Amino acid sequence: MSDLTILIPTYNRQRLLEYSIEYWRDSSATIHIIDGSDQPCFETGPLTGTNNIFYHHMPNSIGVDPFINFTNRLHFGALLPKTKFVACLGEDDFYTLSGLIKSLKYSHRFVPEMSSVAAQLSRAIESLQEMRLSLSAQI
């Protein structure tokens, strides 16, 4: 099993998501798809025929700023990984697993305090949410 978890936030892009699932199906990375579409594309949980791809349906809340919904999905995703490294990719990003792991290990070498990419992502999302709420209050 790989040291890598890939988070794929998505919204209303089922066709691209199907290509992405096919691409990552035989990968050793753990994949979490976090979908904000109104209607789920798949059943929540492990996708049929895979042992490494998990689908999470988190539809947008009515009346809530789409930016907040997106950051909520990223925050949820940041809590999922149980691996050393995490990458956040679009459903239309197709990277090689070896390339992702190599780049993450390389950056970890020069920034050792990034021992938890998920924690870094979570803190960044919280900061973005605070900035957004602050800006909303000023308007």
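**Close-up views of a predicted model**

**View 1. E91 and R13 pair in a salt bridge.** In this predicted model, the closest N and O atoms of E91 and R13 are 2.7 Å apart. E91 sits in the loop between strand 5 (85-88) and helix 3 (97-110). R13 sits in the loop between strand 1 (4-10) and helix 1, so the pair ties together parts that are 78 residues apart in sequence. E91 is buried, at 4% relative accessibility. R13 is partly exposed, with a relative accessible area of 34%.

**View 2. D92 also forms a salt bridge with R13.** Here the closest N and O atoms are 3.6 Å apart. This pair too links distant parts of the chain, with D92 and R13 79 residues apart. D92 counts as partly exposed, at 37% relative accessibility.

**View 3. E22 and R25 meet through their side chains.** Their salt bridge spans 3.4 Å, N to O. E22 is exposed at 52% relative accessibility. R25 is partly exposed at 24%. Elsewhere, salt bridges that share partners join R13, E91 and D92 into one network. The count of salt bridges comes to three.

**View 4. Y19, Y23 and F94 form a nonpolar surface patch.** Together they have about 310 Å² of accessible area. Y19 belongs to helix 1 (residues 14-24). Y19 counts as partly exposed, at 45% relative accessibility.

**View 5. C41 is buried, and C88 is partly exposed.** The relative accessibility of C41 is 17%. For C88 the value is 41%. The structure holds zero disulfides.

Terms used
Residues numbered from 1 in each chain as written. Predicted model: local features only at pLDDT ≥ 70, side-chain atom pairs only at ≥ 80, totals over all residues. Heavy atoms only, no water. Disulfide = S-S within 2.5 Å. Buried < 20%, exposed > 50% of the residue type's maximum accessible area, 1.4 Å probe, protein only. Patch = residues over 30% accessible without salt bridge, like charges linked within 9 Å, V, L, I, M, F, W, Y side chains within 5 Å. Areas by Shrake-Rupley, 256 points an atom, 1.4 Å probe, with all protein chains shown as cover. Salt bridge = Lys/Arg side-chain N within 4 Å of Asp/Glu carboxyl O. Helix = DSSP H or I, 4+ residues; strand = E, 2+ residues; numbered from the N terminus.
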